[in-house]
Every structure is written in C-alpha cells, then in structure tokens.
Amino acid sequence: MSGTQPAGQPPVLLSARGLAKVYDGESPVQALRGVDLDLRAAEFVVLLGASGSGKSTLLNILGGLETASSGQVVYQDHDLTRAGDRALTRYRREHVGFVFQFYNLIASLTARENVEAVTEIARNPLTPEEALTAVGLEHRLDHFPAQLSGGEQQRVAIARAIAKQPDLLLCDEPTGALDSHTGIRVLEALDEVNRRLRTLTVVITHNAVIADMADRVLRLSDGRIVGEHRNATRRAPRDLQW
Amino acid sequence: MSVLVHKLARDLWRLRGQALAIALVVASGVATYVIAHSTMQSLALTQREFYRDSRFADVFVALIRAPREIESVITAIDDVETVETRARAAALVDVPGFDDPVSAEVLSLPDPRKGLNRLYLRAGRLPASDREIAVNEAFAEAHDLHPGDRLRITLRGRQRQVTITGIALSAEFVYLVRPGDLFPDYKRYGVFWMAREPLDAAEGLDGAFNDLLLRLRPGADPRPVIERLDRVLAPYGSVGAIAREDQTSHRYLTDEIRQWEVQATILPAIFLGVAAFLLNVVMMRLLKQERSQVAVLRAFGYNRLEIGWHYLMLAGSIVLLGSALGVAVGGWLGAGMSRVYQEFFRYPYLHYVLSTRVIASGIAVSAGAALLGAATAVYRAARLPPAQGMRPEPPPRYRITRFETSRLRHWLSPATRMVVRNLMRQPLKSGLTVLGIAFSASILVVGGLMEDAIDYLVDVQFRQALRADLTVSFDDVKHESVVHELAAMPGVHRVEPMRAVAVRLQAGHRHERSAIQGLEPDGRLYRLLDADFRPVAIPDQGLMMTDMLAAKLGLQVGDTVRVEVLEGNRPTREVTLVGITHELTGTSAYMRRGALNRLLREGDVVTGAFLGVERSALPRLYRDIKSTPRIAGVMNRQVAIDSFTETMAGNMLIFGAVLLVLASTIAVGVVYNSMRVAFSERERELASLRVLGYTRFETGMILLGEIATLTLIALPIGGVIGWWLSALMVEASNSDLYRIPVVIEPQTYAYAASVILIASTLSSLLMIRFIRRMDLVSALKVPQ
C-alpha cells in the first residue's frame, strides 16, 4: 500500500490516498474512512467485504461513477478527485470497463449490438466478434438478452466491458446473481481476459472463495482496508467451489 | 386500508407532474362536454320559455288580401286553437345620418288579449297612432335608436315621419334575416310594429288581412291543418302556409341547437378518448414498476379486489381532480358562451342551466373512459401470482429487423442506429406513442376547422358564386326594360336581371319549399358552381339545383320534378333536372331566366338584378335607390361578408378559440406524458450507456432522437386523423341552412405541428434535466 515501486513490478495505474465518502442525508453515512490503495497494470485484485463495508462505493469512485468527499484518486497522472462530469465520462469511455451484478444489458440489442454500443465510441476497440469470442460466446452473436441464460448475459456484459480494451476492468459482484456452475464460467472469462489482455481487473465480492483466483486480496470493513495478502499462485476458476 | 391510503397519497405526489398533465387532459375533455351540453340545454330551455311566454304561433301564412270574415272558417278547422290575423307591409326606411338603403318589414301589433307572437318590450311603450312604431332591438342598437327618436318610412310609395315609442323583441325574429339574404344585417333590415288600424289604412286592408298566425291544440299535427288552410286561402294569394318547423328563425335556432348537440357528442368523445388512452399508458407503466410491490401486498394477504381498488383509486383521484377542474372551467366558459348567444339571438333572458345531470354525466363519462383505460393495467397487475410477481419480469422479446441487414445502417451514427433499432424493435410501443401524439395533433386540427371552414365558405359564396357588388330586389315583377334604368344609375357598370319565384318542389312523396332563380345565360355576377367550385353554364332548358336540395328530394339528373308555383295563379308544372350545382349555403334551384319566364307563361319579367358598381359611386347610387320606390331591398356583398363574420362566424370562432385552447392543453399533456414514460422506461438503459462512457449529450440524443422521430412520424398521421375527424364532425353537423366544408388551411396544420413541437421541445428540456440528475449508481443497482 505504499507509493514506492518495487523493482520488476508493473507500473501503478490507479492510486488512492485518504479516500473518504460521506452520503449526506438526515443521518449521514460514512461509507469510506480513509482508504489508501495502489493498483497496478495487469493485476487481478479481489476486494472482499460484507455488505455495507464500503466496497461498492470504493469501486464506483475508482470507476468515475461517483466522487469522493475527501482524499485523492489519481489515474496515471490525472486527478479524478477534481474532475467534472465531462472528464469522468471521458475517463470511463477511454479507460474503464464495468461489469455489474445485474448485467445491465440493453434488452433491445443483440449480444453483438450490445458490444457495438461500446466499440462504436471507443478509440481502439476489439471487434464485437473478438470480444464475444474472448468470453466464449462466438456462437451467440445475434441473440437478444432474453434468449440468453444469466451466465451468458453476464459474459456479454464482460465482452462489452473489455471490447474497448480498457486499462482497468471493474466488476461489482459479477457472480452475485448466478449459480456456482455458471458463476465459474463467468470467472473463467474474467481470468482469461486478465491474462490475455493484461487488463487490471478488480472484482468485488462477499464470496471469499473467489479470492483464491486473485494476485492480491484486499479486505474491507466499515469503510477501511483491514487486510491484504498476496496469493503465491492464482487458482484456476474451475478449481474453485462454493 | 389506511396504509394503502398513505401509499396512494405518496404515489400521487411522486407522480404529480404526470398526474397533473393527465388531469388537465381529462379537464379539457370534461370542459368541452360541459360547455357543449350546457349551452345546448340553455339554448333549448330559453327557446321553450320564450316561445311559451310570447305565445309563439304554430302555423304561418302570408297572402295578398283576404276578408276578415274568413277568420271564422279558419277557426273551424280541426285542431286550430287561436287565429290571429295581421297586416304586413314592406317599408323603405330613411335613418338620419345613414346613407345606405334600409328596408323593414312592418307588422301590426298582436291582439293585446289573446294575440300570438307577443312582443317583449325592452324599452318604452307600444305604438298607438299612425305616426308611432316599435322597432326590433337589433335594429335600434345598430343605429343607436331610442324611444322618442324619429325615422322616415315609405309605405306603399307614401313617405311619413314616425316616432319610435318602444324597442321590442319577438320570438318570431330571434334570428332575423331579410328574405333572400343568407345572413343577418341589422343595420339595413329591421322589423317594425305599428298599431293595427293605421297599418290597415296604409296598406288598404280595411276589413281584410294579409298575414295569418295559428296556434294549434297541444300535440296537434300541423300537416292536415296546413292542407285545409291552403285550400281555404288559395283564392286570396297565399303562397302556402308553413309550419313552425319551417319558419326561418325557428329553423335556424333549432339548427344551432342541433349543432351544439353534435359538438356535445363528438368532441368530448374525441377528447375523452385521448384522455383514456393516456391514462392507460401511464397506469400500465406505473403498475409495471409496482409489480413487486403488488406481489408483496398479495403475499401479505391483500386480495385482488383490494389491490385493484387501490390502483383504481389512484387513477380515480386523477380523473376526479381533472373532472372537477373541467366542470368549473366548462361551467364558466359555458355561461360565457350562453351570454354570447343571448346577445346574438337577443333573447329577453337566458337561463344558463348547468344541470347536475350534465355535471354527473360529464364526470361519469370521463371517469368511465379513464378507468376503462386504467382497468386493463390494474387487472393485469392484480392477476399475477405473488411469487411470480416478486421475481424480476422476464426481459421483453425482440427480433432483428430488416434495418440491420440494410446498407443504410452503415451510414448512420451509433446513436442514430440505436434510435432506429429501438423504434423498429418495439413497434407496438412506438406505435402507441405515435398514436397518442397524432391524436393530440388531430384535435388541434379539428380546433382550427371552424375558422378555416368559415373563410372558405365566405370565399366560395361571396367571391366565386355571388360576385355582384349589389343585389337589388323589386317590390313586384317588372318588365326587363328596368335593366336600362338600373344601368343608367351612377356607378353601375353591369346589370344582370333575375327572376326569383317561390315554389314547392315535389318528387315522389318528398317535397321542399324553395325558390327558383332565373339567371342570365352569360351571367358573370352570379355564377353556378360545380363540385370543384368552378363556374358552370346554365343549360337552355330545364332546372338545376344544389346538391343539398337534390339529395333532399332524392333526385338525380334526368329526373322530373313537379314545380308548384306559390305566386300569382299558382300553376303547377313539370321540369327536368338537368344539372347539379354545388354551394355551401341554401337549397336553391336555378333556371335560365328565359326558360323560367316561359315556364310561368309570362313575358320578359324580372324581380331583381345583380349590379356591378364602382365603389366610389356607392353613396350617390344609394341616394338614387332610396328614391326609387320599386326597389324593396338592396344587399351589399361586402356588408354581407362583414355582417356574417361579425355575427354568425363570431359565435363559431369563439367556440373554435375555446376548443383550440383545450386541444392545446391535451396536446401538451400527451406529449409530456409520452416523454416522461419513455424516460422512465429507458432510465436504466440510459444509465448503462452513461457508465459505458456515453456523454450526457449522446445519451440525451438517443432518448430525444427517439421521441423526435416518433413526433415527426406522428405529425402527418395527426394531420390525416384531424382531417378525418373534421369530416366526421362536418358530416354530423351539416344542415340545410349551410354546409360547413371540410377545408383545413396549411396554417392550421402548421399551428397543430408547432404546438406539438413546442410541447416536445419543452418536455425535452425537462428530460435533459432528468438525464443530468440521473443517479447512475442506483439506477444500475436494482435487478432488471
């Protein structure tokens, strides 16, 4: 969690310092209480935490969906803390891929078209076919979300997220709505993308088993990072079980 | 249930924008209903009361001269209750300071005890001597005359100075128009009343009469009475008795009331139909969002009825709010409309009735329409088994359209492609939105119909058909050489004589009273028109008539018509119908003058003439005409147009304006709601796009592009529906007095389009605000 860069390690892509977030309201909620964090290119990071631990808030701030109340987030040399909507939109458009628990595919578009929605506005995208092949859906190109299973829909969401060749891929409970068998297929897709495209991948989950496939595991509790460890070896998703 | 009541109140508050828009739409529909019904009822009630108070006659006869002894014969006819003989005279009037020729009908006062068509005195007293008259109120007001003022009138060529003693109203002249004219002209035509004896003396009617009124026993059929009466009076120059239903003023009034009946039926149906449609869309949308809540309530043990009731109450509250507003606004405007009519018809009083029945039925009809709209949505929601309802709804099914494989696709931007895709893949939803917007555009078109139609009617009648600057009519038939005298008058550059004769036309069992006008073959001042309103020539022989008259008689070209002349020795002839003319007012028949003269076996005689006149010479010409006793009436075309637009058209235009305001309200309501619904349905999708890196502008373009496209598709459809609804309304409201053409000017379409576009733009600005404030994180958190 220090800013120093050990020799031989990939560069730091995203770093947070003293990150805090308070949700205003009748009874203000402190979601983050000073988080320091460095994320490196090509890393696979799992953020573990119970519900209400602040992990989603952290992910949203890292992804430019929300802004912090205090502290600083720097992406390469851009300060996201002070960025306005326009700059954050550009940041998301050019660098970030999102995967959500509930897929959020556009129902009226086919798998291919859902990916196209991104490739059409990206600077150096994969083709929709390449992206869908990467998640093993090359045979489902022209199917609508309604014609796909939950796991397939989530894989389309992953294909959509990686098609722009993002620098970081942020996944919020990507297997939360899926059974274990399907969930593992989705994790395989994420693992594959991370290895092949060397995309910094951050997965948040409350499922501790998933931690075994990560390079690094961070534990969040009550808005703070309370633990960190590195796996000596990453386990293949198919060896996971829950 | 108290929790559900809280929920209801909060739902209403949450939906306040949409609820208000729907309430306004409902209010507009109810207001139209209330205005039309209350005006119709008020007019009808006032008519009944005025007729009763003034002992309005059931049968009317004009004749040349009959001895008073015959009165006892008439009284003996079955079903005759009261007989009133009158003296009637035509007068030329000289109003100080007014150059135009003025004519008047002078009538003897009704019998003070049991007389019919009693006068309602507005001011002053009834006349008594031969130097005193009462004048009708419209005429008095047009010239600012008051009791005590003096006029010069010419009766039978003798001029006399008379003093106005009273200003009066009569049920016989609620709608007052000079015989042969289409529209009222209060400045140039009046009705005067004189005491019986001096008028008898002036007209040489001592011991005789030339006009007759009958009152029949309640419920009696006037037809057999008229048949007897015609036989009795034929020797005395009667042109045939007419029943009340054919009396000009009564017919016009009845027609006006009927027009309101049409307005009261068709317009509210259209307006409320749109409101119901809107409510349906909104309720469907709302209940879709409430799906899981409905399921939870069901799981707790609320039954379908309770839940259905809860949501119907939601719709009902909106409808009730709208109805209350509609009744208030409608009552207010209806009372105003009735006052306009009271002025126009010069009723002595007008009882504005806003009956509880109208209010109740207005609310019931709108509530029925709206709840019908909501019912399907509510039913669907309540029917769902709870467990299924709590699971997210399966995503809708879509299919690939031809657009994807077309080459066009590659030329479009991603956002445009997305717009096209969305529209094509949800044809039903797109179709409903288009229909909603199209209907509101169509209402605007219907709202503009009145003004356009009136402009067109004036154009056809006064610029295409009647082109004479002045139309003069003589007091009797004259030899055609009178043309030379007219041609010699100042400023007259063209004279076309005509012969008009009152007739009864009969074909089979159908018959109609009409007049045959004998026109010059190469006439330019009065032209007959074909279906496209282009001039047609009059054939040498045979009769032509307006399509309306032909339809009434069930005649086609080539058929034979029986012509019963109602003048002179009243011959009966047979003529062939040789052509149909097209006019927007009146049911007239035409012949060549020569042919008509031959038919009547008379010489080259005329009863009037069309004049082309230098405008600058009009004052001098008027002075000359006034000193020509033979000329009984003069109609100035420009004056007729002005008086038409001022009076009759005025009423229609006022209602037209009201309609336009209500239609605009509906249009704005529909457009705003369509957009609001489109936004909430797409909120999650739009949020997804924002997360993927689409800018606010791009996201906005996808939503607004969709709505703009639907609006642009809806506009021409709205135009077509508007035309169609106008035709429907016109079809229902055509009368034999005039026919409203289905003419809609480009400006009306343009107005309709701009109201919709402005409404869309304003709603778009609101949507842009929604997009700006969209909470990306929470929009994506809930399951689909």
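Entry 1, the model. I noted at the start that this is a predicted model.

I looked up α2(B), which runs over residues 16–53 and has 38 residues. I found 52 Å from its first C-alpha to its last, close to the 56 Å expected at 1.5 Å a residue. Is this helix enclosed or open? I counted 29 of the 38 residues of α2(B) as buried, so the helix is largely enclosed by the rest of the structure. Just after α2(B), I noted a positive phi of about 50° at B:Arg55.

I then turned to the largest nonpolar core, which holds 101 residues. The members that touch the most others are B:Trp193, B:Trp260, B:Phe271, B:Phe345, B:Tyr347 and B:Ile756. Which element gives the largest share of this core? I found that it is α2(B), with 16 residues. Apart from this core I listed another, of 51 residues, including A:Leu39, A:Val45, A:Ile61 and A:Val202. Back at B:Ile756, I looked beyond residues up to four places away in sequence, and its contacts there include B:Ile437, B:Leu444, B:Val671 and B:Leu715.

I found B:Glu132 in strand β6 of chain B, residues 132–136. Why does B:Glu132 count as buried? Its relative accessibility is 14%, and the cut-off for buried is under 20%. I asked what its side chain meets, and found a polar contact with the side chain of B:Arg125 at 2.7 Å. The backbone nitrogen of B:Ser129 lies 3.3 Å from a polar atom of the B:Glu132 side chain. Leaving aside neighbours within four places in sequence, I noted B:Val162, B:Thr163 and B:Trp193 among the residues in contact with B:Glu132.

I counted 34 residues of chain B in contact with 32 residues of chain A. The two chains bury about 2900 Å² between them, with 56% of it on carbon and sulfur atoms. I found 3 salt bridges between the chains. One salt bridge joins the side chains of A:Asp85 and B:Arg696, at 3.5 Å from N to O. I also counted 11 residue pairs in polar contact between chain B and chain A. Which elements of chain B give two or more residues to the side that touches chain A? I listed α13, α20, α21 and α23 of chain B. The largest share of that side, 7 residues, comes from α20(B).

Methods
Residues are numbered from 1 along each chain as its sequence is written. Chains are lettered from A and ligands numbered from 1 in the order in which they are written. This is a predicted model: local features need pLDDT of at least 70, side-chain atom pairs count only at pLDDT 80 or more; totals for chains, interfaces and linings use all residues. Side-chain values use heavy atoms; hydrogens and water are left out. Helices (H or I, at least four residues) and strands (E, at least two) are DSSP runs, numbered from the N terminus. The expected span of a helix is 1.5 Å times one less than its number of residues. Buried means under 20% relative accessible area, exposed over 50%, partly exposed in between (1.4 Å probe, protein chains only). A nonpolar core is a set of buried Ala, Val, Leu, Ile, Met, Phe, Trp, Tyr and Cys residues joined through side-chain atoms within 4.5 Å. Contact means heavy atoms within 4.5 Å. Buried area is the accessible area (1.4 Å probe) that two parts lose on being put together, summed over both. A salt bridge is a side-chain nitrogen of Lys or Arg within 4 Å of a carboxyl oxygen of Asp or Glu. A polar contact is a pair of N or O atoms within 3.5 Å; within protein, one must be able to donate a hydrogen and the other to accept it, and residues adjacent in sequence count only if both atoms are side-chain atoms.
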